[in-house]
Amino acid sequence: MTTIPLDFETLRLIWWALLGVLLTGFAVLGGRDLGVGMLLPFVARTDDERRVLLNLVGPTWEGNQVWLVVGGGSIFAAWPPLYAVSFSGFYVAMIAILLALILRPVGFKYRGKVSDARWRTTWDWALFIGGFVPSLVFGIAVGNLFLGAPFRLDETLRITYGGNFFGLLAPFALLAGLVSLAMLATQGATLIAARTGGDIAKRARSYGQWAALTTIVLFALGGLVALYMLNGYRVTSVQDPLGPSNPLGKTVVSEPGAWRTNYGLMPWMTIAPVLALFGSLVAWWGLGARARLVSILGSSTAIVGIIATAGLTLFPFLMPSSIDPRSSLTVWDASSSQLTLFVMLGATAVFLPLILIYTGFVYRVMRGPVTTDSLGKNPNAY
């Protein structure tokens, strides 16, 4: 029998952390593209200005999508029940994200094919949708994790989903969606302000500062609602971190204030929301002071803090069930086998550094300002 050098508990924790890293990587890098798309019709007023923004993200957005693809793949391989519930129960939301993301490559490729102003404006708004819809829906999805998803497992672990798309649009979920919008708009604005100039950069700084302040207010409001007003979830039985994956082997209660449990047990977790608020404040200051690197680092820090806050607050839950709390999926009972996690970890140890090296190389090659003058010298510009 093959001896696995890492125990089941450690592997489960590693993959929970890796999932957070992959989602954070997409939010930081892919969020720049989504944010630029959202700001495109407002920051850029002329055709040349909009071409500047297209060429700002055009060379890198496909590579940034890798983080989303790998994140989805890791859910499928490491957390099969989570994949089954989220990709079937949230099917309409997933399709909305997919269709919106499809608009981006089509918009990049077809916008410049015709010189008609209405044609190009139409594709500009398509690119706006391609940034706005995923940013909003991703946030709504996270908000619904705090509320719990309407699913249950029978004794054979078959999943029954009892909700619909409109059920996802609860007030708190929409609040989480607005946090995501403001957060990614800030990220896009810092990129525009750092790598363009003139009126485009000036407008980006203005929109970015408003977005950063909005992020602070909405995130703080969402935190207060989640911790003090929502019914949270808490495991009341002993879970074996080394045991087999069976979500029905525990008991869970839903009660007010349950999402505060982890902060009482592990006060160090408050570092995450502090990073979120501090990073947004730094981004606001950096944009106003025209400190390019500071604003980018501040916005990226805020993203890390916001995602870490959600993950740490929910832990050990991956997806609670609102109609049958016992069916809730946790880190300790919804993973693949120990051998599967270990083999996948080996593959990740090889390919994740390659992704990082490639990403770093591309960003190094594509560094520098993007202006209307530079577009005129580039035959491959959009």
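# Helix packing and buried residues

Mentor: Let's start with a contact: N64, V66, W67, V70, A77 and A78 in helix α3 meet T340, L341, M344, L352, I355, L356, T359 and Y363 in helix α12. This is a predicted model, in which local features need pLDDT of at least 70 and side-chain atom pairs count only at pLDDT 80 or more, while totals for chains, interfaces and linings use all residues. Residues are numbered from 1 along each chain as its sequence is written, and side-chain values use heavy atoms, with hydrogens and water left out.

Trainee: What makes these residues a contact, and what makes a stretch a helix?

Mentor: Contact means heavy atoms within 4.5 Å. Helices are DSSP runs of H or I with at least four residues (strands are runs of E with at least two), numbered from the N terminus.

Trainee: Why is α3 called roughly antiparallel to α12?

Mentor: Helix α3 (residues 61-78) packs against α12 (residues 338-365) at about 175 degrees, with the axes 11 Å apart. Angles under 35 degrees count as roughly parallel, over 145 as roughly antiparallel, 65 to 115 as roughly perpendicular and the rest as oblique. The angle of about 175 degrees is over 145, so α3 is roughly antiparallel to α12. The axes are lines fitted to C-alpha atoms, for helices over the stretch in contact, and angles run from 0 to 180 degrees between N-to-C directions.

Trainee: How do you know how α7 is oriented to α8?

Mentor: The axes of α7 (residues 171-195) and α8 come within 7 Å and cross at roughly 150 degrees. That angle also passes the cut-off, which makes α7 roughly antiparallel to α8. Their crossing is left-handed, and their contact has 20 nonpolar, five polar and one charged residues.

Trainee: And what makes α2 roughly perpendicular to α8?

Mentor: Helix α2 (residues 47-57) and α8 (residues 198-228) cross at roughly 70 degrees, with axes coming within 10 Å. That falls in the perpendicular range, so α2 is roughly perpendicular to α8. The contact is made by E49, V52 and L53 of α2 with D199, I200 and R203 of α8. By class, this contact has three nonpolar, no polar and three charged residues.

Trainee: Which hand does the crossing of α2 and α8 have?

Mentor: It is right-handed. A crossing is right-handed if the near helix is turned clockwise from the far one by less than a right angle, and left-handed if anticlockwise.

Trainee: Now single residues. Why is T24 called buried?

Mentor: Buried means under 20% relative accessible area, exposed over 50%, and partly exposed in between (1.4 Å probe, protein chains only). T24 has 15%, so T24 is buried. T24 sits in helix α1 (residues 8-43). Beyond residues up to four places away in sequence, T24 touches V304 and I307.

Trainee: Are T359 and I296 buried or exposed?

Mentor: T359 has 11% relative accessibility, so T359 counts as buried. T359 lies in α12 and touches L29 and W67, not counting residues up to four places away in sequence. I296, in helix α11 (residues 292-314), has 18% and therefore counts as buried. Leaving aside neighbours within four places in sequence, I296 is in contact with R32, Q187, T190 and A194.

Conventions. Nonpolar A, V, L, I, M, F, W, Y, C, P; charged D, E, K, R; others polar.
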